[in-house]
Amino acid sequence: MATIAIQQLRKSYGTTEVIHGIDVEIDTGEFIVIVGPSGCGKSTFLRMVAGLEAVTAGTIHIDGKQVNDVEPKDRDIAMVFQTYALYPHMTVYNNMAYGLKIAGLPSTEIDERVQRAAKMLELSEFLPRKPRQLSGGQRQRVAMGRAIVRDPRVFLFDEPLSNLDAKLRVQMRLEIKQLQRSLGTTSLYVTHDQVEAMTLADRLIVMNEGLAEQIDTPMQVYEHPASVFVADFIGSPAMNFMAGRVTPDGRELAFESGAAVRAEGWSLAPHAGRKVTIGVRPENLQPVAADAADLTLQVVAIETLGADTLAHGFPAGWGEAGTTPDTMKNNIAVRLPGNARIREGDQLSLRVVEGTLHLFDAANRKRLTDD
Amino acid sequence: MLKTANQKAWYFVVPVVVLVAFNALIPLMTVVNYSVQETFGDNVFFWEGVKWFEEVLNSDRFHDSFLRQLAFTGMILVIEVPLGIGVALSMPRKGPWVSVCLVLMALPLLIPWNVVGAMWNIFALPDIGLLGRSINALGIDYNFTQQPESAWMTTVLMDVWHWTSLVVLLAYAGLCSIPDAYYQAAKIDGASAWSVFWRIQLPKLKRVLTIAILLRFMDSFMIYTEPFVLTGGGPGNTTTFLSIDLVKIALGQFDLGPAAAMSLIYFLVVLLVCWVFYTLMMRHEGQ
């Protein structure tokens, strides 16, 4: 169990900087999930904490001790890999014991630790087997076991569930969470899957192009995304974005279509006349009578999910999709109850649920602040 | 359960059957034909049964060339496989030097076999060849046309020069297919370079090395052109390997019966060794 403090962490390959200075303080026992699209630098970040990549600038402290130049094996960490990286010709037992043997622990203690971890992961009967005789989920457990037996101060997970099928992934996700809770070990977990990120994390680090766009609890990230990128990346289906502007009197928001809405919870006065990107989550658009509507949706596609029905379309009067300037996606998605009777070609009158609008500066794409 | 009511599928196999017949079965049957009969020309044959097989299997000449062949193949395998793995391990995995190394490695493989023999013949000549002259200049008496040891050394060296690249390229491909995560996991475990080799790289190379050893075994066991051009099987019979001996019997002495019997024995030995080796190596795979 340990705290991790990272200051102004940077990484360059030659003249190309890929991590542009990340600061984060991680508490003992915290489960931190680093999430972002591929190529955002999340795995590089994790490997720097592990000591597998050299740090170009900045510092990493584990429990107050700077570890920038400490070898991976001496950092008291354990890592779980996407490909599991089990030693192919060793039994499950030896795979789990190997790191401890190298560390020179007495064999009775090694045995005790391996047996305990195997029991915890329900792997006891598989100990004499070789990795190739196991299923994907079991191999994943062995990889976890190899991390647990080390009893490290920090767990590092590099997309550990990405090679599993969807159902198993959900199950293992829960197991990892429970395991981390019961062990209380500080954990850093890298994933590109935002559902995994939301469900596992105590706090999220949302990364984009080598920068931490937002570091916060999952709900805070969901409800108060710091930028258009975060708002778009977290949540499925993604948030809807529309170009608009604050009216010159600073009292209302005007969509490109001309429709105007009041933005409860936002004091718009300081932003009078500013171009903005207006974001609204699919579940925050409600069907209403035509005269109460903020916008009308021309429905072009329906997705029936059972519990929900998703209606996709574009705002009526905005022309064909893609013609409105400065909207990342013209496509608007609405989450309706599963029993909603709606068909392609329908027009939906929608109203934004009070207090659920997200406003971003159209130029720098950051969340508008009230000052 | 649906079953097809006609036998049309057989027509689709016909091209393959014809191909295999022409390039394998018919030539092989010709050899079998010669191996059990005696002929004095004019296409007149006399049945001889297993006489030629008995003769070949009991001849000292066959025993000698067979042992020579085993020794040669054993030597080149012992040198080429570890050397090839070593070179592959020391080659860069990324960067501009990768393609340079690969091209350099592939070069010897692109040279026709008789050219390799001729090159090494000249290279190793004790009076004018760079290699031969240099060795003699070091005070070592070296003459591959007269001393069996020198002839053997030169032949083995030539084969190593010509074919180690094949092992290198196969092993290199195998190494490149090992995900980085294995090395990272080993680093976190604090594993030494030796245990990384022994516990990750070698097990992961098992399949390609099996193929490499099989290819090198078959090729070297049937080697003909290079030693024929280099030493002609000499001095004396000291580098007369199985193929060279076979050609001497078949075309030199025109003893077609024994030559055919020897061919079949030769063929069965190669087949048997390959099958046993492959089965042993792969018995735990695919579970």
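What follows is a chat about a predicted model with chains A and B.

Me: I'm new to this one, so how many helices and strands does chain A have?

Reply: Chain A has 8 helices and 20 strands, and its C-alpha atoms fill a box of roughly 75 × 45 × 35 Å along the principal axes. Please keep in mind that this is a predicted model.

Me: And what share of the residues of chain A count as buried?

Reply: Of the 371 residues in chain A, 41% count as buried. As for contacts in chain A between residues at least 6 apart in sequence, 67% of them join residues at least 24 apart.

Me: Let's go to the sheet with S1 in chain A. What is the order of its strands?

Reply: The order is S2-S1-S4-S5, in an open sheet of 4 strands of chain A with antiparallel pairing. Strand S2 (16–26) and strand S5 (65–66) of chain A are the edge strands, each pairing on one side only.

Me: How many bridges are there between S1 and S2 of chain A?

Reply: Strand S1 (residues 4–13) of chain A pairs with S2(A) over 8 bridges, in the antiparallel sense, and within S2(A) it is A:Glu25 that A:Ala5 stands opposite.

Me: Which residue is the bridge partner of A:Ala5 in S4(A)?

Reply: That partner is A:His61 in S4(A), and the antiparallel strands S1(A) and S4(A) are joined by 5 bridges.

Me: What about the hairpin of S4(A) and S5(A), how many residues sit between the strands?

Reply: There are 2 residues between the strands of that hairpin, and A:Asp63 takes a positive phi near 50° there.

Me: Which helix packs on this sheet, and which strands does it touch?

Reply: Helix H1 (residues 42–50) of chain A packs on the sheet, where it touches S1, S2 and strand S4 (57–62) of chain A, and the direction of H1 makes about 65° with that of S2(A).

Me: Switching to the sheet with S15 in chain A, which strands are at the edges?

Reply: The edge strands are strand S15 (285–287) and strand S18 (332–337) of chain A, each pairing on one side only. This open sheet has 5 strands of chain A in the order S15-S19-S16-S17-S18, again with antiparallel pairing, and its twist averages 50° from one strand to the next.

Me: Over how many bridges do S17 and S18 of chain A pair?

Reply: Strand S17 (residues 308–315) of chain A pairs with S18(A) over 6 bridges in the antiparallel sense, and A:Ala311 stands opposite A:Val334 in S18(A).

Me: Back to helices: which residues of H2 in chain A are buried?

Reply: In helix H2 (residues 92–103) of chain A, the buried residues are A:Val92, A:Tyr93, A:Asn95, A:Met96, A:Ala97, A:Tyr98, A:Gly99 and A:Leu100. Their cover includes helix H3 (107–120) and helix H4 (136–149) of chain A, together with H8 of chain B. H2(A) is followed by A:Gly104, whose phi is positive, near 80°.

Me: How is chain B divided into domains?

Reply: The domain assignment gives domain 1 (23–58 + 255–287) and domain 2 (70–254) of chain B, and 28 Å separate the centres of these two domains, taken over C-alpha atoms. Their contact takes 13 residues from domain 1 and 11 residues from domain 2, and the domain 1 side has 11 nonpolar, 1 polar and 1 charged residues.

Me: Last one: at what angle do H2 and H12 of chain B pack?

Reply: Helix H2 (residues 51–58) and helix H12 (residues 256–282) of chain B pack at an angle of about 70°, with their axes 8 Å apart, which makes H2(B) roughly perpendicular to H12(B). Residues in H2(B) including B:Trp52 and B:Phe53 meet residues in H12(B), among them B:Met262 and B:Ile265, and the residues of this contact divide into 8 nonpolar, 1 polar and 1 charged.

Definitions and conventions. Residues numbered from 1 in each chain as written. Chains lettered and ligands numbered in written order. Predicted model: local features only at pLDDT ≥ 70, side-chain atom pairs only at ≥ 80, totals over all residues. Axes fitted to C-alpha atoms, helices over the stretch in contact; angles between N-to-C directions. Parallel < 35°, antiparallel > 145°, perpendicular 65-115°, else oblique. Contact = placed C-beta atoms within 7 Å. Nonpolar A, V, L, I, M, F, W, Y, C, P; charged D, E, K, R; others polar. Buried ≥ 20, exposed ≤ 12 C-beta atoms within 10 Å, placed from the backbone. Domains from an automatic or database assignment. Pairing = 2+ DSSP bridges.
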